[in-house]
Amino acid sequence: MSHDIEPATGSGGRSRQQAGHAVYQELHDSDDFKELRQKYRAFAVPYTLAFLAWYLLYVVMSNWATGFMNIKLVGHINVALVFGLLQFLTTFGIAYLYSRHARTHLDPLAGELEKRYREAVQR
Amino acid sequence: MSTQTLTTILFLLVVAITVGITFWASRQTSGTADYYAGGRSFTGFQNGMAVSGDYMSAASFLGISGAIALNGYDGFLYSIGFLVAWLVALLLVAELLRNSGRYTMADQLAYRMRQRPVRTAAATSTVAVSIFYLLAQMVGAGSLVALLLGVDSTALKNLVIVGVGLLMIFYVTVGGMKGTTWVQIVKAVLLMAGTILITVLVLAKFGFNLSELLGAAAENTGKGDAFLQPGLKYGVSLTSKIDFISLGIALVLGTAGLPHILIRFYTVPTARDARKSVMWAIGLIGAFYLMTLVLGFGAAALLDTGADSKVAASGGNLASPLLAEAVGGGAGSTGGAVLLALISAVAFATILAVVAGLTLTSASSVAHDLYASVFKKGEASEKDEVRVARISAFVIGGVAIALAIPAQKLNIAFLVALAFAVAASANLPSLIYNLFWRGFNTRGATWSIYGGLVASIGLVIFSPVVSGSETALFTNHDWSWFPLSNPGIVSIPVGFLLGYLGSVTSTEPESAAAYDELEVRALTGAGAEGAVSN
């Protein structure tokens with residue numbers, strides 16, 4: 001059974017790998033990492049469930065709520081079209097919210113942890 | 001000058017530009033990181049363009065606008081699934097994969113599992129998904145060119161398939177990831193520019209009033225309000241409704257499991273750039289699908305889409321090109337000829353960029369996963385690996401040509417949907433489990449990949465698509481028992497369930513131990529592969 005972990009950098013070598021291994025464990029146990037993971041999941045999990053549910057609602061309603069979907073709102077524009085366009089809007093919106101969340105809450109923590117890793121491995 | 005001449009000139013121009021790019025890129029490519037990942041030196045914006053160029057296939061450009069032109073609102077449902085799917089990639093996959101892998105989809109599994117079984121499994125599904133997708137594009141190329149040149153000859157179609165196949169082999173063997181990426185960027189620019197032009201011209205005909213456009217479409221098709229409502233295609237029976245849900249699920253979950261999309265995230269220097277790539281891709285792809293809405297309804301409003309029309313005969317694939325001709329001034333006019341030739345060339349560039357991406361993905365996986373890791377156990381030199389990747393591109397290209405010629409009677413949209421279903425069933429479960437579940441292990445990964453693969457392809461073999469129905473591949477036989485043509489609603493849960501069962505029925509402490517490391521690396525980028533400085 002071979003468990004070759006890819007070297008941390010292109011030509012890390014065995015000792016470097018083991019050094020990296022210990023550092024990873026150390027970072028994993030740090031409070032900063034726990035905070036990073038928590039902040040990542042706090043966004044990714046609920047939003048994923050939300051947009052999947054929202055999309056499925058749209059698919060199901062296109063099938064079984066045709067009476068509602070066919071209501072005309074303005075001219076020839078009906079609820080179905082607006083609902084579809086709303087899917088575009090929410091996709092753009094969630095993407096924007098995620099990138100903002102990542103920039104302000106995740107990137108600084110990840111950058112700090114990554115820096116600690118680099119310093120520890122180079123020692 | 002006739003449209004045929006102009007089209008031919010523009011096609012040759014597309015070929016000349018892309019061949020030039022490929023030669024240029026070949027001089028910038030030396031090691032594996034260059035060949036597989038373009039040196040990881042593309043910016044988020046460049047990669048976002050390339051991702052869009054890789055994703056927006058001829059099936060979306062011609063297929064979706066055609067589906068809208070023929071089926072009205074129901075064609076629009078495709079584009080929504082194709083777009084929303086990007087949130088899965090953005091929130092759950094892109095950055096984590098960028099940090100934990102190197103060149104292929106299998107890398108992040110191999111990070112904590114037994115290399116040989118997981119790489120073999122992942123390479124198998126990578127090649128399977130890519131081949132289905134590849135067939136769809138090549139069959140599409142053959143019939144598109146034949147339709148555009150107005151010659152319905154099998155010999156010409158075969159010639160086009162061989163020509164496209166040889167070009168893609170050339171791009172991939174010579175240009176590697178750098179060449180392929182630039183071909184995709186150029187294609188994305190051409191596609192967006194062409195689509196914007198036609199969209200504006202269509203909207204101008206209706207005073208930039210969407211409601212008026214929809215009204216004209218409903219009236220011209222003679223289908224009235226039903227044309228603007230869901231259900232024209234999928235609302236026929238309970239089976240077709242469930243089929244539609246199955247399709248919707250596969251579309252939304254398949255994108256983040258498409259290997260040719262996943263490996264694009266390795267071409268940027270950091271996870272942040274991977275995120276930017278997806279942001280740009282969402283913007284571009286979203287804008288594009290909004291425009292296909294105008295193109296589709298525009299074609300319905302301005303062209304004859306009745307049962308005997310040219311549009312209907314092409315399965316909708318000619319809706320966009322013929323619409324371009326119509327808004328340019330109609331058949332016989334100079335403007336019409338120019339726009340028709342232009343849009344045809346854009347479609348041609350679209351096909352070339354997508355097939356190149358798919359061939360590169362398969363070749364990378366064969367060389368990096370099967371040859372270097374499984375066969376040579378990691379002892380292959382970089383030079384050797386790149387040589388094998390180039391040979392693989394040749395072989396895969398050849399296989400694709402050989403399969404595409406007899407596959408010409410298969411429906412393109414069906415092949416694309418199948419590729420998405422296989423990607424969602426075989427690839428996505430192991431990706432998600434690996435990144436988020438400590439208990440996931442080698443047996444779970446192989447069970448979920450092979451299980452998802454067998455379930456999705458197997459169900460299609462026993463569906464009305466292959467036998468028993470009037471439109472089936474084999475009309476004279478009937479061995480179908482699975483009622484749906486889209487297997488996702490069953491095969492995706494099967495992939496997830498087998499991944500779970502395989503993991504809980506085996507113990508692999510090494511995999512759990514390495515999960516901590518994978519998790520840190522995936523979330524922080526600590527120790528992730530950096531850009532190559534040339």
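**View 1. Glutamate E519(B) lies in helix α20 of chain B, which runs over residues 509–524.** This is a predicted model. Is E519(B) buried or exposed? E519(B) is buried, because 21 other C-beta atoms lie within 10 Å and the cut-off for a buried residue is 20 or more. S100(B) is 419 residues away along the chain.

**View 2. Helices α4 and α5 of chain B pack against each other.** Helix α4(B) covers residues 58–71, and helix α5(B) covers residues 73–100. Their axes are 6 Å apart and meet at an angle of about 145°. Which residues make the contact? From α4(B) come S60(B), I64(B), A67(B), I68(B) and N71(B). From α5(B) come D74(B), G75(B), F76(B), Y78(B), S79(B) and F82(B). By class, six of the residues in this contact are nonpolar, four are polar and one is charged.

**View 3. Helix α15 of chain B is mostly covered.** Of its 42 residues, 36 are buried. At 1.5 Å a residue, the helix should span 62 Å. The end C-alpha atoms of α15(B) are 58 Å apart, so the two values agree. After the helix comes K377(B), with a positive phi near 50°.

**View 4. The largest nonpolar core holds 236 residues.** Which residues touch the most other members? They are F132(B), L323(B), L352(B) and A419(B). Helix α15(B), residues 334–375, gives this core its largest share, with 25 residues. Now look at A419(B). Leaving aside neighbours within four places in sequence, A419(B) is in contact with V129(B), F132(B), Y133(B) and A136(B).

**View 5. Chain B has 20 helices and zero strands.** Its radius of gyration is 22 Å, close to the 24 Å that the globule rule gives for 534 residues, so chain B is as compact as a globular protein of that length. Along its principal axes, the C-alpha trace spans about 65 × 55 × 45 Å. Buried residues make up 67% of chain B. How many of the contacts between residues at least 6 apart in sequence join residues at least 24 apart? In chain B, 80% of them do.

**View 6. Chain A has four helices and two strands.** Along the sequence, these elements follow the pattern α-α-α-β-β-α. Chain A has 123 residues, and 28% of them are buried. Take the contacts in chain A between residues at least 6 apart in sequence: 58% join residues at least 24 apart.

**View 7. Chain A and chain B touch through 51 residues of chain A and 48 residues of chain B.** Which elements of chain A each supply at least two residues to the side that touches chain B? They are α1 (13–29), α2 (31–64), α3 (66–69), β2 (77–78) and α4 (79–122). Helix α4(A) gives the most, with 17 residues. By class, this side of chain A has 27 nonpolar, 19 polar and five charged residues.

Conventions: Residues are numbered from 1 along each chain as its sequence is written. Chains are lettered from A and ligands numbered from 1 in the order in which they are written. This is a predicted model: local features need pLDDT of at least 70, side-chain atom pairs count only at pLDDT 80 or more; totals for chains, interfaces and linings use all residues. A nonpolar core is a set of buried Ala, Val, Leu, Ile, Met, Phe, Trp, Tyr and Cys residues joined through C-beta atoms within 7 Å. A residue is buried if 20 or more other C-beta atoms lie within 10 Å of its own, exposed if 12 or fewer, and partly exposed in between; C-beta atoms are placed from the backbone. Two residues are in contact if their C-beta atoms, placed from the backbone, lie within 7 Å. Ala, Val, Leu, Ile, Met, Phe, Trp, Tyr, Cys and Pro count as nonpolar, Asp, Glu, Lys and Arg as charged, and the others, Gly among them, as polar. The radius of gyration is taken over C-alpha atoms; the globule rule is 2.2 Å times the number of residues to the power 0.38. Axes are lines fitted to C-alpha atoms, for helices over the stretch in contact, and angles run from 0 to 180 degrees between N-to-C directions. The expected span of a helix is 1.5 Å times one less than its number of residues.
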